[in-house]
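Dear colleague,

I am handing over the structure below, and after it you will find an account of what came out of the analysis. Please read the two side by side.

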Amino acid sequence: MEFHETEEQQALRGAVGKLGRSFGHEYFVETAKSGGKSTALWQMAGKYGFLGVNLAEEYGGGGAGVYELQIVAEELAAAGCPLLMLVVSPAICGSIIQTFGGKEQRERWLRSIISGESIMSFAITEPDAGSNSHNLATTATRDGGDYVLRGTKYYISGVDEADAILVVTRTGTDHAGRGQLSLIVVPTDAPGLSKTVIPVEMTAPEKQFTLFFDDVRVPTENLIGTEGDGLRQLFQGLNPERIMGAAVGNGIARYALEKAADYARVRQVWGVPIGTHQGVAHPLAHARINVDLARLMTQRAAWLHDERDPLAGEAANMAKFAAAEAGIAALDQAIQTHGGNGLSTEYGLATLWGPMRLMRTAPISREMILNYVARHSLGLPSSY
Amino acid sequence: MNVVVCVKQIPDPANPGKLTSETHTIVRDGKLILDDSDAYGVEMALQLVDAAGGGEVTLVSMAPHSETSGLRTALAMGAAKAILVSDDALAGSDALSTAKVLAAAIKRAEPDLVIAATESTDGYTGTTPVQVAEVLGWPSISFAKKVAVADGTVKVDRQTETGYDSVEVSLPALVTVTAGVVEPRYPSFKGIMAAKGKPVEELKVTDLGLEPGQVGAAGARQEVVSVEPAEARKAGEIVVDEGDGYEKIVAFLEQIKVI
Ligand SMILES: Cc1cc2nc3c(=O)[nH]c(=O)nc-3n(C[C@H](O)[C@H](O)[C@H](O)COP(=O)(O)OP(=O)(O)OC[C@H]3O[C@@H](n4cnc5c(N)ncnc54)[C@H](O)[C@@H]3O)c2cc1C
Ligand SMILES: Cc1cc2nc3c(=O)[nH]c(=O)nc-3n(C[C@H](O)[C@H](O)[C@H](O)COP(=O)(O)OP(=O)(O)OC[C@H]3O[C@@H](n4cnc5c(N)ncnc54)[C@H](O)[C@@H]3O)c2cc1C
């Protein structure tokens, strides 16, 4: 049993934190509100090798694991810059392409994901399938040397910043009527692909899109791994996705609690700092305990994933659940501690409500995690 | 070209600092980190070696408890190796004995140029580097805002109150750099992983040919007799502009005799 981070992991925390703070939450908010992109920060993170810490050295990556990548996500968020595309581009897409992509595919896509020169979006969610991925209706049909894609995806993040999208499609149906899935890379400028922004009440530079695939043709070389094996392949990306979602939440929570504690130490209304009142101090202490517990579970999940331990799936789900709940509570308490200032733009807390609240819904909802734990960990019957 | 950078490892300035009650020196029990002031020197040195087309950057540090965290950060930025002097006999060192130790360590690396910060973040006497140069018998230039090396000389734009002086001396020499000199890089992940394998030579006072009596509390010529908290800054005066704001500003400037 070893709970110390290595000197290198600590150094990574330090370096990423420094980079994040040199941009800071104001940069994040200004970029989001002006309709800009966080490209400057993203490319710096790429230049210093932070985006690809988990990916192969052969393609410019750091050769470390998801543990290191979740450090990157947490430290940037703790500096007030929760970059949601970290969850998607290097974690989901990077992990899947590294594991199942052929040499040419890795050369083509992995290298630029790692360097930060390009971003890859990920599209699974559909209006009519919801949380039930067996019901996916976007189809890919072989036609000569091409796949032809038809269907609709929605809430797909960052498509306007991305060069390509890893799309989960249905290439067949099994005897039980469930979709046989395949993962296909679609360039964002492919003819027949249209993108519509979904306005969301969230302060973040990333936009969300509905995607219509109207007979979009891509060469069969864009299939990742084996046709019909997509569901199994997805799992290589879904643990990192959950762990990274958790890490972003943990970082936001740390940022919020630090601000709350700073404020509670100096703000006086009855002649003493408000932090003296236990009504203010105890909820913050309570929030801190839950955030540290969530971080512990996130770190354990990342470690299990990197060790290829089958327990990683359960731990990643639990970490994502715990981090979302602890983070939302921590941010809410930080806002409360600031009184009216908690809702101001200047104090930079309410601006994080959207990204933090999102963690309860995406990438997998709280209820679907509870379903998983009820069934998988407790052996309870399934309602669906 | 070989460059030595003096890097001080200090308690994290983000945490409240503490002084010992007897000797009034900074408590350095916990982990020490690279002084941000020295990140500029490391960056400057890396750029100079790069421009020279060869050579390496060696770090020299004196710190308690065999501390290497700050050195690893600078190695991760790209320095090639480090010399660390760590010895219980150094407890209670003043700036002069620190300078003697640093100078002896620097000599082993046989550099063309030594770079230090103008002052550290924790002790900030700003007196160590020039004493190092004096002990070495080398010329020194302080407050560099621009540094270039060519044909055995170092040319420096030296920050002054009104502008800058252009100063040139022959190598070997010592230069202290200001925070404006270059923008330090962050350690990259590859740099962090590579730093793990870079050599850090740890030395004791006697390895440097110094006598324990010359350094530490025994050799210190300076003693901190007492410490008092700095006077709290007085609250500023807020002038509400009712159309006569400029008159009040002029009156204030006259009162402090700047106009
Ligand atoms: C800002 C944002 C960014 C996103 N980015 C991406 C992206 O990049 N790529 C992508 O593919 N998707 C993305 N999503 C989609 C996100 O992953 C889904 O919204 C999420 O998984 C929930 O799916 P749904 O919206 O279809 O909800 P539904 O499945 O319709 O669920 C609605 C509600 O019912 C609950 N529910 C459903 N089934 C059950 C059940 N069996 N038992 C109990 N409760 C149940 C759910 O938990 C939820 O509360 C994003 C969403 C948002 C808001
Ligand atoms: C009375 C007294 C007692 C002290 N006792 C101790 C003690 O017990 N233990 C202890 O560790 N220190 C002790 N010190 C501090 C130590 O010796 C300082 O390093 C030295 O005094 C330099 O002080 P400064 O921080 O003001 O350096 P400055 O002159 O402000 O430093 C300028 C630059 O010189 C270089 N430099 C300075 N110090 C070092 C260093 N140590 N290693 C590498 N580069 C350096 C750096 O580039 C630095 O930015 C003591 C200091 C005093 C005055």
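In the shell around ligand 2, the element that gives the most is α3(B), with three residues. This is a predicted model, and what follows should be read with that in mind. Besides α3 (95–109), the elements of chain B that each supply at least two residues of this shell are α1 (36–52), β4 (57–62), β6 (113–117) and α4 (128–136). Of the 33 residues around ligand 2, those that come nearest are B:Ala116, B:Ala117, B:Gly123, B:Thr125 and B:Thr128. By class, the shell holds 13 nonpolar, 13 polar and seven charged residues.

Turning to the sheet of chain B, nine strands form an open arrangement with mixed pairing, in the order β9-β8-β7-β10-β6-β1-β4-β5-β11. Because β9 (164–170) and β11 (200–203) of chain B stand at the edges and each have a single partner strand, one side of each is left without a neighbour in the sheet. From one strand to the next, the twist averages 30 degrees.

Within this sheet, β7 (residues 140–150) and β10 (residues 173–177) of chain B run parallel and are joined by three bridges, and B:Ile141 stands opposite B:Val175 in β10(B). The helix α1(B) lies across β1 (3–6), β4, β6, β7 and β10 of chain B, and runs at about 155 degrees to β6(B).

Finally, the contact between the chains takes twelve residues from chain A and eleven residues from chain B. On the side of chain B that touches chain A, α5(B) provides the largest share, four residues, and this side has six nonpolar, two polar and three charged residues.

With best wishes

Notes
Residues numbered from 1 in each chain as written. Chains lettered and ligands numbered in written order. Predicted model: local features only at pLDDT ≥ 70, side-chain atom pairs only at ≥ 80, totals over all residues. Near = placed C-beta within 6 Å. Nonpolar A, V, L, I, M, F, W, Y, C, P; charged D, E, K, R; others polar. Contact = placed C-beta atoms within 7 Å. Pairing = 2+ DSSP bridges. Axes fitted to C-alpha atoms, helices over the stretch in contact; angles between N-to-C directions.
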